[in-house]
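Good morning, and thank you for the time. Please look first at the sequence and the structure on the screen; I shall then take you through selected parts of the fold.

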Amino acid sequence: MHHQWLLLAACFWVIFMFMVASKFITLTFKDPDGYSAKQEPLILTAVTKVDEVHVPEQKHWPEEFQPTGKAFSGNLIRQPLVHMERLELLRNVCRDTALRNLSHTAVSKFVLDRIFVCDKHKILFCQTPKVGNTQWKKVLIVLNGAFSSIEEIPENIVHDHEKNGLPRLSSFSDSEIKKRLNLYFKFFIVRDPFERLISAFKDKFVHNPRFEPWYRHEIAPGIIRKYRKNRTETKGLQFEDFVRYLGDPNHRWLDVQFGDHIIHWVTYVELCAPCEITYSVIGHHETLEDDAPYILKAAGIDHLVSYPTIPPGITVYNKTKVERYFSGISKRDIRRLYTRFEGDFKLFGYREPDFLLN
């Protein structure tokens with residue numbers, strides 16, 4: 001009888017230890033659900049070097065490729081293939097005549113003003129606001145020699161183009177512009193288009209951390225006067241007003257009044273002319289943990305500078321947040337917004353939001 005009790009107790013002990021171990025494994029390998037409300041600023045860290053791999057010449061584009069999320073995160077060995085596929089998708093969409101009006105734009109002064117130059121290392125970086133561009137500008141400032149390290153750069157200098165040592169491509173002669181576009185390493189970063197618009201709205205019209213009063217006192221009233229349905233509403237600019245403005249086919253008459261401030265919400269096509277300029281790499285905010293070191297290595301500067309540490313989960317696509325922001329907006333207004341940004345969705349492999357498909 002005594003032996004039976006000992007045997008029973010041993011069985012219970014084994015079962016208990018198995019349950020504890022299972023729980024530990026589940027917690028250890030569970031993917032994060034999302035990220036905290038604070039998305040800015042990005043802080044940078046040392047990066048892991050990417051090993052070179054041989055990529056076969058002929059590759060077929062996956063039928064349902066979607067870079068949003070962590071599809072390639074933690075798989076650096078596939079990075080060269082990932083970036084080849086992204087560029088292949090870009091070329092295919094650029095050739096689609098049905099999307100030509102949404103994918104093509106002139107390489108105007110507006111575009112050239114967005115491209116920053118690092119002559120010392122032959123690099124061109126096209127600025128796409130609300131996609132972690134501040135950190136890339138810091139990288140280029142160090143490479144240009146204005147500061148010896150990222151930590152030494154004062155925050156007020158980063159966006160002061162008189163003092164940060166970052167020339168714009170538009171400041172060169174036509175022949176010098178053409179030479180740099182043909183010979184230099186060129187890249188820019190994209191993000192889910194709707195999530196980027198939410199970030200721009202919060203940064204400029206809600207939090208406004210850099211104290212740029214013209215967004216609230218000049219731009220917001222202009223949007224409200226034109227697009228607010230309820231004229232008795234006295235609140236500041238609402239996301240619904242913002243969406244209605246951006247989705248209006250006649251938005252350009254306000255854009256002209258707002259000037260270069262519109263860079264925070266115009267399309268990637270309008271900012272960087274990806275079908276006219278042959279970019280070397282297009283990074284994705286959602287996979288920046290892998291893309292940042294790859295870009296540094298591809299540009300040949302990974303031994304000179306590191307992209308600062310990225311807080312865990314900060315680049316993850318937050319589907320819940322996007323759905324919450326768009327939940328009170330009419331399907332008509334969302335559809336008009338998507339129509340304007342469809343080129344960005346298609347060129348960079350982002351899926352049409354589920355709430356537009358239902």
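I begin with strand 1, which is covered on both faces: Ile115 and Val117 on one side, and Phe116 and Cys118 on the other, are all buried. Buried here means under 20% relative accessible area, with exposed being over 50% and partly exposed in between, for a 1.4 Å probe and protein chains only. Helices (H or I, at least four residues) and strands (E, at least two) are DSSP runs, numbered from the N terminus.

A word on the source. This is a predicted model, in which local features need pLDDT of at least 70 and side-chain atom pairs count only at pLDDT 80 or more, while totals for chains, interfaces and linings use all residues. Residues are numbered from 1 along each chain as its sequence is written, and side-chain values use heavy atoms, with hydrogens and water left out.

Strand 1 is joined to strand 2 by 4 bridges, and the two run antiparallel. Two strands pair if DSSP finds at least two bridges between them. Cysteine 118 has isoleucine 123 of strand 2 as its bridge partner. The two strands form a hairpin with 4 residues between them, and lysine 122 in the turn has a positive phi of about 55°.

I turn now to helix 5. Why is helix 5 described as largely enclosed by the rest of the structure? The reason is that 11 of the 11 residues of this helix, residues 133–143, are buried. They pack against strand 1, strand 2, helix 6 (155–158), strand 3 and helix 13 (288–298). Lysine 138 belongs to this helix, and it counts as buried because its relative accessibility is 8%. Leaving aside neighbours within four places in sequence, lysine 138 is in contact (heavy atoms within 4.5 Å) with Ile150, Ile153, Glu155 and Val158. Just after helix 5, glycine 145 takes a positive phi of about 90°.

Next come strands 3 and 4. These run parallel, and 4 bridges join strand 3 (residues 185–190) to strand 4.

Within strand 3 lies isoleucine 189, which counts as buried at 0% relative accessibility. Beyond its neighbours within four places in sequence, isoleucine 189 is in contact with residues including Thr128, Trp136, Gly283 and Ile295. Its C-alpha atom is separated by 9.9 Å from that of glutamate 286, 97 residues apart along the chain.

Finally, the aromatic rings. Rings of Phe, Tyr and Trp (its six-membered ring) pair if their centres lie within 6.5 Å; planes under 30 degrees apart count as stacked, over 60 as edge-to-face and the rest as tilted. By this rule there are 27 aromatic pairs. In one of them, phenylalanine 188 and tyrosine 279 have ring centres 4.7 Å apart and planes at 75°, so the pair is edge-to-face. That pair links distant parts of the chain, 91 residues apart: phenylalanine 188 is in strand 3, and tyrosine 279 is in the loop between helix 12 (268–272) and strand 4. Phenylalanine 188 and tyrosine 279 are both buried. By contrast, phenylalanine 326 and phenylalanine 355 have centres 5.4 Å apart and planes at 25°, so this pair is stacked.
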